[in-house]
Amino acid sequence: MQITCPKCKEAQEVDDKTATCPACRSVLRRCMDCDHYDTRLSYCTTLSRPVDVGEANYPTFSSDSTYCREYIPGSAEA
């Protein structure tokens, strides 16, 4: 799957084990960019639980999104 890094904006080809961007070392999978995340409710439909807005935007290595197997990159923003 290909994910665009939220920090450096470079497209990266990633697998289930890839967590960070090789160029800038930021976490690639953010809830905010996932199709399973409902921004209005700050809720993950896959995990069936709320996700803190700060964690959804700026995940850490301990965040659920970092290694989420159900992660689906959302459509590109205009």
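A residue counts as exposed when its relative accessible area is over 50%. In this predicted model, R25 has a relative accessibility of 55% and therefore counts as exposed. K9, at 59%, also passes the cut-off and so counts as exposed.

Most residues other than glycine have a negative phi. R25 is not a glycine, yet its phi is positive, at about 70 degrees. The phi of K9 is likewise positive, at about 65 degrees, and K9 is not a glycine either. R25 sits in the loop between β2 and β3 (37-38), while K9 lies in the loop that runs between β1 (2-4) and β2 (11-13).

## Overall fold

The C-alpha trace spans about 30 × 30 × 20 Å along its principal axes.

Of the contacts between residues at least 6 apart in sequence, 43% link residues at least 24 apart.

## Cores

In soluble globular proteins, nonpolar side chains tend to be buried together. Here the largest nonpolar core is made of eight residues, among them I3, V14, L28 and Y71. C21 also belongs to this core; leaving aside residues up to four places away in sequence, C21 touches C5, C8, Q12, S26 and L28. A second, separate core has five residues, including C31, Y37, C44 and V51.

## Surface and charge

Buried residues account for 36% of the 78 in the chain.

Conventions: Residues are numbered from 1 along each chain as its sequence is written. This is a predicted model: local features need pLDDT of at least 70, side-chain atom pairs count only at pLDDT 80 or more; totals for chains, interfaces and linings use all residues. Side-chain values use heavy atoms; hydrogens and water are left out. A nonpolar core is a set of buried Ala, Val, Leu, Ile, Met, Phe, Trp, Tyr and Cys residues joined through side-chain atoms within 4.5 Å. Buried means under 20% relative accessible area, exposed over 50%, partly exposed in between (1.4 Å probe, protein chains only). Contact means heavy atoms within 4.5 Å. Helices (H or I, at least four residues) and strands (E, at least two) are DSSP runs, numbered from the N terminus.
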